[in-house]
Amino acid sequence: MVVKLNKSYSFITSLLLLLIYSENILAQNEKSNEEFLARILRLENDSAKVDSLSLFLEKMIKAEETALGLKSGNLGLQLAKKLNYKSGQIKMYYSLGILYHNLENYTKARELFFNGLELTVSLNKKRAIAAMNENIGLTYKDEGNYTEAVKYQLNALKVYEETADSSRIAKTYMNLGNLFSNQDKTDEALNYYSLAEVYYAQKSNFGGMASVLSNKGMLFNKIGKEDSALVVLKKSNEYFQKQGNDRSLSQEKEKGGYFVNSRTLAHLLKKMGVTALINKNNTVAENYFLESEKLYLLCLERSLEAGKNINIAVDYANLGILYNAQNRYNESRIKLNESLAILQKMGNKRYLPEVYSNLSDLDSTMAADTSFSISIRLFHTEQSLNYLKLAYNAQSELLNEENNKQIAELKIQYETSKKDNEITLLNKENELKDITLKEQLSALLISKLRDEKNQKEIELLNTTSAITELRLSGTQQELEKQLLKSKSEAYQLQLSKKERDLKNNELSKEKLLRGATTTGSLALLLIGLLFFNRLKLRKQLEQKRRHITPAEIHQRGPS
């Protein structure tokens, strides 16, 4: 969201715009808008012309009429510079900055906001100074440069505090909370959200409370505190409902804040249901899914009443995804196909890749469901692959169209500004640089697309392999059985061999022991016999000595 400036206009301008933007004659197509633009350009009062072009530009921004917006914005800026009408220049810098911000050309948007900031500082228009700083911060945020984004948001906050603008202070607190949330600085983010809550509560600003609690709930969800997220998001919905009961705030309800938050809450409940299923808490999961379905159906009912086809398509898709999570396959396919039919009828290509991807997920889930036969699972695997190809082609086409659209818009801007020779001489170089920059962006997008194509081709090959594996699964299972049987038989043979070896080993040990025992016994017997013979011999000798006579001793002589 960009920040709006307070404006004061002359009586002539107000009268003209009242005529132009009357509900009875409000332009509904490009031709009528061009006619209104022509009427503005025929005004004699140049300052009134600039103011009228500023409001016309705002109207074109809301209607997403980019070409007419660029044309009116450049004409208004050129005229304001020619008149040295600084207030008019500030309005044009501001509105053109918003337009470029919406086109995601943040560099150009920031350049315009900086030019506006320079003028607002010179005129000391504090609210405008704060608004320019805030919008500069938003361009940095969307580029992911959070350090610079915080810097300029704080600059804006300082001015808002000086002017005691409590509503803008609270909004800036919420912006800072979002910035710190994006940087995963949870404590700082929660602190700024709490400060915003205090301001909104003091003013009984139900819409502000609803928004800040919605952001806070999403932060809790992001950091895995799903229970806290659930409580805060439900509280946010209560404030959205209070906002709708306040007639002065009914326009905000028409913008769909309550239903956007309801969708966010439904997404969370669905996520918690899936988690409960994984944890085998089927009853808890069913309760979450039931709450989620009620919210999705509520959003769908509102979308049907409002006749918003794109919202109807989104709500059908959300229900389809929910039913897939519950294995309600037929209902899921019906809702997703209804979403697809609406998008195709509208010619809306933005959401086509996502719906095709959801259909691919549905068939992938069915292919993984073992309650189906192999042939049915094979069919759904092939269907999943087909939808994946459609999603890839739709995404490629969308990228190419967005790229061509951006280049065309820059060329329109260049051609429009070229009509004024004086301004062309001053700005031609910058315009050419912008076109070159966009062409470089085109090359980068094409390079990115090629990278995505390569990635998708890898995914397709993986999916094709999955199909082949599924077709061969029956044969593989039989082969695995045979392999297991062979391994079992081999193991039995190996076990039998080990048992035989063990028995032989035991027998060898036993035989060796018996041999050793026998040998030892024989050795002992032999030793005993030798000892016995020796003893016997000694006894015989002793006996002989005892029976020798002295004469025999004398006869033998000295020994």
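Modeller: The structure holds 19 salt bridges, a salt bridge being a side-chain nitrogen of Lys or Arg within 4 Å of a carboxyl oxygen of Asp or Glu. This is a predicted model, in which local features need pLDDT of at least 70, side-chain atom pairs count only at pLDDT 80 or more, and totals for chains, interfaces and linings use all residues. Residues are numbered from 1 along each chain as its sequence is written, and side-chain values use heavy atoms, with hydrogens and water left out.

One of the bridges joins glutamate 143 and arginine 110, at 2.9 Å from N to O. Glutamate 143 is in helix H7 (residues 126–143) and arginine 110 in helix H6 (residues 106–123), 33 residues apart; helices are DSSP runs of H or I, at least four residues, numbered from the N terminus. Arginine 110 is buried at 11% relative accessible area, while glutamate 143 is partly exposed at 39%. Buried means under 20% relative accessible area, exposed over 50%, and partly exposed in between, with a 1.4 Å probe and protein chains only.

Arginine 168 pairs with glutamate 134, their closest N and O atoms being 2.9 Å apart. Arginine 168 lies in helix H9 (residues 166–182) and glutamate 134 in helix H7, so this bridge ties together parts 34 residues apart in sequence. Both are buried: arginine 168 at 16%, glutamate 134 at 0%.

Arginine 328 forms a salt bridge with glutamate 293, with 3.5 Å between the closest N and O atoms. Arginine 328 lies in the loop between helix H16 (309–325) and helix H17 (329–346), and glutamate 293 in helix H15 (residues 282–306). Glu293, Arg328 and Glu331 are linked in a network of salt bridges.

How values were computed. Helix = DSSP H or I, 4+ residues; strand = E, 2+ residues; numbered from the N terminus.
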